Amino acid sequence: MTITDQEGGRKAGHLAAEYALADSDLHAMYRTMALARALDERMWVLNRSGRAPFVISGQGHEGAQVGIAWPLRRDHDWVAPYYRSIATCLVVGMTPRDLMLAQFARASDPSSGGRQMPGHYGHPGHHVVSVSSPVATQILHAAGIALASRVRGLDQVAMAIMGEGSSNQGDVHEALNFAAIHRLPMVLVIENNGYAISVPAAKELAVQDVADRASGYGIPGVVVDGTDVLACYAASREAVDRARRGEGPTLIEAKVTRLTGHSSDDQQSKYRSASELAEGLTRDPLPIFRARLREAGVLDDEAEAALAADVSAAVEDATAFAEAAPDPEPAGALDHVFGDAAAGEPHPPWHPAPGGGPG
Amino acid sequence: MAVRTFIEAVREAMAQEMRRDASVIVLGEDVGKKGGVFLATDGLWAEFGDDRVIDTPLTESMIVGTSIGAALNGLRPIAEIQFADFIFPAFNQLVSEAARMRYRTMGASSVPMVVRAPYGGGVHGAMYHSQSIEAFFTHVPGLKTVVPSTPYDAKGLLVASIRDEDPVLFLEHKKLYRSVRGDVPGREYTVPIGRAVVRRPGSRLTVVAYGLMVHYALEAAERVADEGIDCEVIDLRTLRPLDRETLLGSVRKTGKCLVAYEDNRFGGYGAEIAAIVAEEAFDYLDGPVSRIAGPDSPAMPYNHILEDWFMLNPAKIADAIRKLAAY
């Protein structure tokens, strides 16, 4: 952030300018990645110390997530993310407190009021579609959102995001076919980390790249290196612009690495070799982007120290805030089944009615 | 007031709502130029165009899933599943997504969407064009299930469903489409979701029905009336949320309850009605809560003799009434 010498200034300006970004964008992108990682790591600490029963992680995906979500217009375009989309959700406006409230399943968790597992984020205000656990369903929601954008004469783009494992679901075929026929303003992002829980890509896909399938729908399919944040940004910007121009959907496949097990209930050393895991560490997008920014003069020691303090404070604040927040009450557990209270069926006698009285 | 067939009433409801509200769209297989395989959407494409009347590929999960997304972004989609039998590829979208969206977002998101599905047998539709599917979906909190039996209700309930803030599965019995006529006001009106109606008042026994079975139950009630059995016939109209008041009020009056449903019997929707009556009106009963329903074959066979064997009819319902009345 702090450019101290003229040469560094030129270099930094040069890197940002290559992508029509400002240095402040590059810094903010890196900060978001670092924040996502720090929050994610804290969630694992909470899990391993018995304070949160479950974690599902985005570690290794942050570079692709930040680069790809960056071209979206906040609170205007939509994302239909998945359970690894921690950095994506930060980019589009969710806060560390929002994410930690979900981790602790508190009453004030804006994603689901503690009703869903952690990682199942959602925020209608920021146009984040609520994540569910059956995979790939969200691509159809994105197609419908894009259809509504078209019918309503808006210029919103809908971005669906999932892993390569999810990409095999039938809903993906149905959605891409429909979106392509109608040239809907949609982008499908596949974060390919090479594993569907324990099953390697070779047993999930008969092709090397999920993006190859795009040609079957008559749409562009792009492969990007998920450790190259700016390449991800450039690919996404092109896809988002294309969608907004009415030229239809694009499939972007970002090759990423999964640095953790599938979830806190998975031990990936059972099915991945030590050498493979070590190789994965070399594809961590954080040190790669950091080195690039330092080389370009966008980051220096002073800026990094400030950023580290800032991220650490945000994680501490979110954790303390969420841990202290109240749990939901059983009395409210039958709220929001239907919109109109009159439609509600009587509480069965074995459940407490709201207010704790007999049903 | 004009006399309309059931399907004309369905069509009129959609056309009027589309004129009134630009956010209402229709999507499904063959719903465009052709106007749907039953002609429920006939004329809508010509009036409202490609953007609002969308012919889809043969992809039921997409029809429902895309409707969910469109509903999240400000539209009120009416999705047509060509035959209820083909809804199962969309089961996940309906059950895991549409029904849970409001609940899992603490009311912040909702899915105002109608899924219309022609159901039911007796039309030579065989195993895959005859099914009753309500039991799969009435089990699911967060989904409303509506089954009209008259043209008046078909229009009023469909308008109410389109205006509802929650996903509604709207089941139309195929055999009613052109066999039933009735007065349907040309004006806009709604019939409230969640209200049953007494179609025939009576004192000795309550028959609970919905869809085509309402008509068969009424015929059966006439047959046994000559024998001195005075039946009350309840048309549920909405299966969920259920109008317990009308149901239990009737059974508390008559003391006997027969549930007639076309679906196969085991675990059918009528089983839930029977359980509710047994639990909540036990003190008033003077006979076993009974069910008359389809046999437990995996689906309705095609051959007309076998189809007749499967289908309920007024005679079968009348027999069940006599048996219960004699208890």
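## Interface of chains A and B

Across the interface of chain A and chain B, 18 residue pairs are in polar contact, both partners at pLDDT 80 or more. This is a predicted model. Salt bridges between chain A and chain B number zero.

The contact set pairs 40 residues of chain A with 41 residues of chain B. Chain A and chain B bury about 3400 Å² between them. Carbon and sulfur atoms give 62% of that area.

## Confidence in chain A

Chain A has a mean pLDDT of 93. In chain A, 91% of residues reach 70 or more. Residues 1-6 of chain A have pLDDT below 50. Beyond near neighbours in sequence, that stretch has 14 contacts in the model.

A further stretch of chain A, residues 355-359, stays under 50 in pLDDT. The model has six contacts for residues 355-359 beyond four places in sequence. Where pLDDT is low, predicted coordinates should not be read in detail.

## Cavities

The model has four cavities of 30 Å³ or more. The largest cavity holds about 40 Å³ of space.

Which residues line the largest cavity? The lining includes Pro81(A), Tyr82(A) and Tyr83(A). Val131(A), Ser132(A), Ser133(A), Pro134(A), Val135(A), Ala136(A) and Gln138(A) also line the largest cavity. Met162(A) and Ser166(A) complete the lining. By class, eight lining residues are nonpolar and four are polar.

Terms used:
Residues are numbered from 1 along each chain as its sequence is written. Chains are lettered from A and ligands numbered from 1 in the order in which they are written. This is a predicted model: local features need pLDDT of at least 70, side-chain atom pairs count only at pLDDT 80 or more; totals for chains, interfaces and linings use all residues. Side-chain values use heavy atoms; hydrogens and water are left out. pLDDT is the predictor's confidence in each residue, from 0 to 100. Contact means heavy atoms within 4.5 Å. On a 1 Å grid over the protein atoms alone, a cavity is a set of points where a 1.4 Å probe fits but cannot get out, and a pocket is an open set with protein on both sides within 12 Å along at least five of seven lines; lining residues have an atom within 4 Å of a point. Grid points are joined across faces, edges and corners, and a volume is the space filled by probe spheres set on the points. Ala, Val, Leu, Ile, Met, Phe, Trp, Tyr, Cys and Pro count as nonpolar, Asp, Glu, Lys and Arg as charged, and the others, Gly among them, as polar. Buried area is the accessible area (1.4 Å probe) that two parts lose on being put together, summed over both. A salt bridge is a side-chain nitrogen of Lys or Arg within 4 Å of a carboxyl oxygen of Asp or Glu. A polar contact is a pair of N or O atoms within 3.5 Å; within protein, one must be able to donate a hydrogen and the other to accept it, and residues adjacent in sequence count only if both atoms are side-chain atoms.
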